[in-house]
Amino acid sequence: MALEEAVSMKQDFDPQNKPKRNKFALACAILASMTSILLGYDIGVMSGAALYIQRDLRVSDVKIEILNGIINLYSPVGSFIAGRTSDWIGRRYTIALAGVIFFVGAILMGFSPNYAFLMFGRFFAGVGVGFAFLIAPVYTSEISPTSSRGLLTSLPEIFLNGGILIGYISNYGFSKMSLRLGWRLMLGVGAVPAMFLAAVVLVMPESPRWLVAQGRLGEAKKILYKISDSEEEARLRLADIKETAGIPQDCDDDVVLVNKQSHGQGVWKELFLHPTRPVLHIFIASLGIHFFAQATGIDAVVLYSPRIFHSAGIKSDNYLLLATVAVGFVKTVSILVATFLLDRAGRRVLLLCSVSGLIFSLVTLGVSLTVVEHSRSTLTWAIGLSIAAVLAYVATFSIGSGPITWVYSSEIFPLRLRAQGVAIGAIVNRVTSGVIAMTFLSLCKAISTGGAFFLFAAIAVAAWIFHYTMLPETRGKTLEEIEGSFGHFWRNPKPKGLHGTNGDIPLTSSVKTSTNVD
């Protein structure tokens, strides 16, 4: 028996047996995920632009907090609208609409004569970001083969981090210009990727799941054959989607009449009023993973890294902005590492390891900043430790908590609930982020900067407990069968060998032998 298992394991992990990456699906996922650059650029650029906006417009710290955080309160409006829009006009055109709205916001911010007009531009940018924040992970999860769904669904997080890095570099570059012109160019340049994305997504195919939900089986079949690893997988995926949409398996017409439930009617009632036990578990898991991803302080670090480094003892603007570029670089490299681990190590293991790293780095940062705050002289070692702790924090976040939040929440909802379920998760994510961004400076004044990070560390401990007790593994499972993993609160049974019940199934084995390939 042991020999058979060893042979099976060797076959499962034999590189020659692994399916090749589907290049067409990869290209589609990359194009859709590029919308996340919009949010990433806005987050990154505001960290430095806020320094110069405050000096030019002479506004208080409270107004800077509001300016930084308000986009996260505006974006849920966009996410809510996008959830409905994506069901009405499709995933593809919703992505294009996101780019157009953000373009308007970037232009308005770039030409802002005063604080009030700048806030007006932030509204449009926020709605556009909300659109992109919702639709990118939904589209990529629906277009991806099971064998590479973790990799492809994490692409939005990769581009978000790339956008943050570009924003940091933009800060450093435009900081050399005049005070009045520099920050306006930082914000206005965001219009360039927005228009590019609005145009390029039109060459993408529509989501086959959305097409089936509309009864357009003929179009869905053609796309499934292009984005699947094999013809057999395409047929199995179509069968799974038809079953979920309530279409008979023997129906082969190009256009069919679909039950209205597939179009989203009754979804809110099923989510909030009469959820089944698995749906309730999925809903709580989605809300929790989104809440803790932001409540552990990532936007405080990313948005206010110049101020954090200033608190650590760095005084020069030039060095402050260079240090933030280092943060963006480490964050982006770490997310690239994560993409190659998601479909190998699994979501659950990476998430728990990531949050453990967050706890350690947050405690370290809290200690080093507290030492600096109580010292009368410059402590080089404390400055170095603070920088190292910030870099460790963004690295561990990007390896697990950052990408897995979107991968996990976009794949656990059944098709009939996916758009609205992901939209609600995105709202929780953005509102939590907005609260953190709009209170961080005030929190630092109330309990000190070091104290703020001790608070984030305590929240990270609560996050680890939640993830351990509430989130089952989803690696290797199709989108349609993942629902069966939920409904067992507070329990995560250990896998029974290679083919355990918690989803720890070898990736290649699931592709070769499973009859439920997504």
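**Close-up 1. Arg 58 in the loop between α3 and α4.** In this predicted model, Arg 58 counts as exposed because its relative accessibility is 77%, and the cut-off for exposed is over 50%. The residue is found in the loop between α3 and α4. Arg 58 is not a glycine, yet it has a positive phi of about 55 degrees. Most residues other than glycine have a negative phi.

**Close-up 2. Ser 448 in the loop between α22 and α23.** Ser 448 also has a positive phi, of about 80 degrees, although it is not a glycine. With a relative accessibility of 25%, Ser 448 counts as partly exposed.

**Close-up 3. Helices α3 and α8.** The axes of α3 and helix α8 (residues 155-174) come within 6 Å and cross at roughly 30 degrees. This angle makes α3 roughly parallel to α8, because angles under 35 degrees count as roughly parallel. The crossing in which α3 passes α8 is right-handed.

**Close-up 4. The salt bridge between Arg 55 and Asp 317.** The closest N and O atoms of Arg 55 and Asp 317 are 2.8 Å apart. This pair links distant parts of the chain: Arg 55 lies in helix α3 (residues 36-57) and Asp 317 in helix α18 (residues 317-339), 262 residues apart. Arg 55 is partly exposed, with a relative accessible area of 42%. Asp 317 is partly exposed too, with a relative accessible area of 24%. Side chains of opposite charge can pair when their charged atoms come close.

**Close-up 5. The salt bridge between Arg 184 and Asp 56.** In this salt bridge, the closest N and O atoms of Arg 184 and Asp 56 are 3.2 Å apart. Here again the pair links distant parts of the chain, with Arg 184 in helix α9 (residues 179-188) and Asp 56 in helix α3, 128 residues apart. Arg 184 is buried, as its relative accessible area is 11% and buried means under 20%.

**Close-up 6. The salt bridge between Glu 411 and Arg 347.** Glu 411 and Arg 347 form a salt bridge in which the closest N and O atoms are 3.1 Å apart. Glu 411 belongs to helix α21 (residues 380-412) and Arg 347 to helix α20 (residues 347-373); the two residues are 64 residues apart, and the pair links distant parts of the chain. Glu 411 counts as buried at 1% relative accessibility.

**Close-up 7. A network of salt bridges.** Asp 87, Arg 91, Glu 142 and Arg 418 are the linked residues of this network. In total, the structure holds 13 salt bridges.

**Close-up 8. A nonpolar patch on the surface.** Four residues form this patch: Trp 88, Ile 89, Tyr 93 and Leu 202. Together they have about 430 Å² of accessible area. Trp 88 lies in helix α4 (residues 61-88). With a relative accessibility of 57%, Trp 88 counts as exposed.

Methods
Residues are numbered from 1 along each chain as its sequence is written. This is a predicted model: local features need pLDDT of at least 70, side-chain atom pairs count only at pLDDT 80 or more; totals for chains, interfaces and linings use all residues. Side-chain values use heavy atoms; hydrogens and water are left out. Patches are made of residues with over 30% relative accessible area and no salt bridge: like charges are joined within 9 Å, nonpolar side chains (Val, Leu, Ile, Met, Phe, Trp, Tyr) within 5 Å. Accessible areas come from the Shrake-Rupley method with a 1.4 Å probe; for residues, only the protein chains shown count as cover. A salt bridge is a side-chain nitrogen of Lys or Arg within 4 Å of a carboxyl oxygen of Asp or Glu. Helices (H or I, at least four residues) and strands (E, at least two) are DSSP runs, numbered from the N terminus. Buried means under 20% relative accessible area, exposed over 50%, partly exposed in between (1.4 Å probe, protein chains only). Axes are lines fitted to C-alpha atoms, for helices over the stretch in contact, and angles run from 0 to 180 degrees between N-to-C directions. Angles under 35 degrees count as roughly parallel, over 145 as roughly antiparallel, 65 to 115 as roughly perpendicular and the rest as oblique. A crossing is left-handed if the near helix is turned anticlockwise from the far one by less than a right angle, and right-handed if clockwise.
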